[in-house]
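Please prepare a report on the structure shown below, treating surface features, backbone geometry, disulfides and nonpolar cores in turn.

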Amino acid sequence: MAKARRAAAVLPSMQTSGSKKCPCLGFKLREVASVYFTMVAVFLVILVVALQGSAPRGTYFPYKVPLDPQGLLELSWNVSYPEQAVYFQILSRELKFGLLFGMSDRGEFENADLAVLWSDGHSSYFGDAWSDAKGHLHMDSQQDYQLLGAQSATEGLYILFRRAFSTCDPKDYLIEDGTVHLIYGILEQPVRSLQAINISAIHRGLQRVQLLKPNITIPELPSDMKTMEITAPGVVIPSQETTYWCYMAELPDGFAKHHIIMYEPVITAGNEALVHHMEVFQCAAELDSIPPYNGPCDAKMKPEQLNYCRHVLAAWAMGAQAFYYPEEAGLAFGGPGSSRYLRLEIHYHNPLVFKGRRDSSGIRLYYTGSLRRYDAGIMELGLVYTPVMAVPPGETAFVLTGYCTDKCTQRALPAAGIRIFASQLHTHLAGRKVVTVLARDGRERQVVNADGHYSPHFQEIRMLKELVAVFPGDELITACTYNTEDRTKVTVGGFGIMEEMCVNYVHYYPQTQLELCKSAVDPGYLHRYFSLVNRFNDEEVCTCPQVSVPQQFSSIPWNAFNRDVLKSLYGFAPISMHCNKSTAVRFPGEWEKQPLPSITERLQEPVPHCPPAPGSHPAASVPIKLGEIKRV
């Protein structure tokens with residue numbers, strides 16, 4: 001009953017018909033068939049029922065993110081897994097003549113799936129639309145963005161609508177796990193029709209979020225919990241689009257071992273649209289001292305020791321909520337063998353090049369001295385950082401795969417196995433997709449984490465929807481897909497931003513000695529590839545031992561034959577396994593020239609579920625009337 005009363009309190013402010021007229025948009029309610037309003041009423045009833053069952057306590061739109069750098073558009077949303085639908089609420093603080101909101105593969109405005117609110121200066125409309133390859137807008141024949149309400153308030157205009165994960169409409173975007181590229185546009189002039197909107201001439205942009213947040217139970221926090229804020233003091237955000245800012249923090253002398261059990265962002269008010277993501281790293285325990293530092297991460301004068309602060313303690317990205325550890329585990333920091341030094345890294349995204357904006361953002365750690373049953377650990381899966389793994393130029397979807405083999409898990413994991421509860425995927429600029437799959441006895445059993453719309457500009461630690469149990473003898477296979485269409489030179493593996501990585505940092509318990517389980521192609525087989533290419537090409541390819549692997553790759557003429565042979569090599573050649581302890585020393589065993597895992601049964605691609613949309617509408621816009629809105 002309490003939930004029903006709260007839902008009822010929310011919904012009256014979201015009525016589709018207001019009593020006041022809008023002087024700036026001139027919204028005039030046209031006569032609409034009574035069946036439509038019946039459907040709107042049905043939607044509201046459905047919304048009340050859905051939110052009662054799926055929303056966390058205290059709010060019905062628990063997730064929130066600014067869409068634009070100025071914060072004029074704010075998106076809130078909730079996920080109903082029983083309905084397989086997302087409920088969106090957009091707050092427009094300074095609405096003029098409408099807005100566009102939607103989704104596309106990588107944030108393009110071409111071939112996009114859109115919800116559009118527009119005005120011709122007298123009447124206003126809402127509709128589900130799509131854009132073609134040239135960016136022209138069309139009304140969708142299947143109206144799957146379902147308007148639930150629109151109402152003005154002191155802070156601006158609220159619009160509430162619903163969208164199913166999957167609609168089986170070929171013009172619609174399939175909402176799935178992983179990154180979603182949201183796009184928005186603001187109409188500053190009246191338009192006579194949907195087709196008259198010129199998306200290339202409007203103020204527009206994109207925002208990346210994880211829409212389908214896991215519906216997990218928040219564990220109870222202990223009474224002796226303490227907090228520690230790692231924030232960068234007095235930063236003047238540089239007047240450039242992208243800045244990575246580093247700040248060194250230090251734990252108190254004699255800081256004993258504690259467990260981090262939760263963390264959340266601390267964002268300076270007014271900078272919510274500028275702080276893109278943040279991470280806290282712990283430095284290598286071997287470093288006796290690190291000078292204080294508070295400045296750009298790429299500054300030439302930064303202390304060299306900052307490069308040895310790579311152990312992730314916390315990671316947050318725009319749109320993410322607080323991160324909770326499972327009630328049986330915590331991430332250890334402090335005590336013997338643990339560095340006192342922490343590095344905070346903040347990515348500022350300032351596309352409007354604001355000047356003089358001050359910031360003191362960071363991350364708040366929640367920790368306890370009452371240690372939980374298990375220490376949590378972090379393990380690296382994927383590919384070793386080595387140039388032997390390379391992507392030719394001009395590729396649209398080149399796949400590289402890294403293996404954590406059965407031999408390594410058999411050697412390093414306890415008999416009871418480990419439980420993975422979170423994951424952070426990582427590539428550099430060419431990465432487009434990342435997936436890690438668990439295999440057992442030659443059969444793929446479970447997806448650990450997958451992101452089919454991965455962006456290197458949006459990386460966060462994501463809690464998994466369910467624990468993944470990994471036992472000795474299991475295999476963890478991580479595949480990364482790269483796009484190098486805009487490159488004329490080969491891209492090799494390595495630490496540089498124009499080099500590539502393929503990593504999944506999995507968070508698990510109980511902690512083991514296994515910290516890195518990754519692979520790379522056997523160097524001897526790669527040398528055979530260079531020799532083969534040299535034999536079958538008119539241009540000479542340098543295969544001299546004294547020449548580096550990147551130089552050898554750079555001398556290859558990238559015709560279809562050389563590309564196909566390289567793909568084939570990576571698909572059959574033996575691998576060098578790195579089954580490493582935290583000391584970077586391999587576990588005892590033979591790890592060179594190991595055979596690729598033999599997978600005899602693959603997981604089936606999930607089939608989109610297409611439930612009948614409640615109250616589906618024909619291909620026509622919906623005339624709406626809104627409450628009074630302040631002229632801007």
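At 48% relative accessibility, M498 counts as partly exposed, a class that lies between buried, under 20% relative accessible area, and exposed, over 50% (1.4 Å probe, protein chains only). M498 is placed in the loop between β33 (491–492) and β34 (503–509), where strands (E, at least two residues) are DSSP runs numbered from the N terminus. Together with L429 and I497, M498 forms a nonpolar patch on the surface, with about 270 Å² of accessible area for the three residues together. Such a patch is made of residues with over 30% relative accessible area and no salt bridge, nonpolar side chains (Val, Leu, Ile, Met, Phe, Trp, Tyr) being joined within 5 Å; a salt bridge is a side-chain nitrogen of Lys or Arg within 4 Å of a carboxyl oxygen of Asp or Glu, and the areas come from the Shrake-Rupley method with a 1.4 Å probe.

The model is predicted, so local features need pLDDT of at least 70 and side-chain atom pairs count only at pLDDT 80 or more, whereas totals for chains, interfaces and linings use all residues. Residues are numbered from 1 along each chain as its sequence is written, and side-chain values use heavy atoms, with hydrogens and water left out.

## Backbone geometry in the loops

The peptide bond that joins Y509 and P510 is cis, with omega about -10°, and P510 is placed in the loop between β34 and β35.

V353, a residue other than glycine, has a positive phi near 55°; V353 is placed in the loop between β21 (341–349) and β22 (358–359) and is partly exposed, with a relative accessible area of 36%. D441 also has a positive phi near 55°, and is found in the loop between β29 (431–440) and β30 (443–451), where at 66% relative accessibility D441 counts as exposed.

## Disulfides

A search of the whole structure finds five disulfides, each being a pair of cysteine sulfur atoms within 2.5 Å. One of them is formed by C246 and C297, with sulfur atoms 2.1 Å apart; the torsion about their S-S bond is about 105°, so this disulfide is right-handed. C246 lies in strand β14 (residues 242–250) and C297 in the loop between β17 (294–296) and β18 (311–317), so the pair ties together parts that are 51 residues apart in sequence. C246 is buried at 2% relative accessible area, and C297 counts as buried at 11%.

Another disulfide links C404 and C517, whose sulfur atoms are 2.0 Å apart, and with 90° about the S-S bond this link is right-handed. Because C404 lies in strand β27 (residues 398–404) and C517 in strand β35 (residues 514–521), the pair ties together parts that are 113 residues apart in sequence. Both C404 and C517 are buried.

## Nonpolar cores

A nonpolar core is a set of buried Ala, Val, Leu, Ile, Met, Phe, Trp, Tyr and Cys residues joined through side-chain atoms within 4.5 Å. The largest nonpolar core has 82 residues, of which L75, W77, F101, F161, L182, L211 and F333 touch the most other members. Leaving aside residues up to four places away in sequence, F101 touches residues including L67, F88, I90, D113 and Y184, contact meaning heavy atoms within 4.5 Å. A second, separate core of 31 residues includes C480, V492, V521 and F553.

Key: Helices (H or I, at least four residues) and strands (E, at least two) are DSSP runs, numbered from the N terminus. Patches are made of residues with over 30% relative accessible area and no salt bridge: like charges are joined within 9 Å, nonpolar side chains (Val, Leu, Ile, Met, Phe, Trp, Tyr) within 5 Å.
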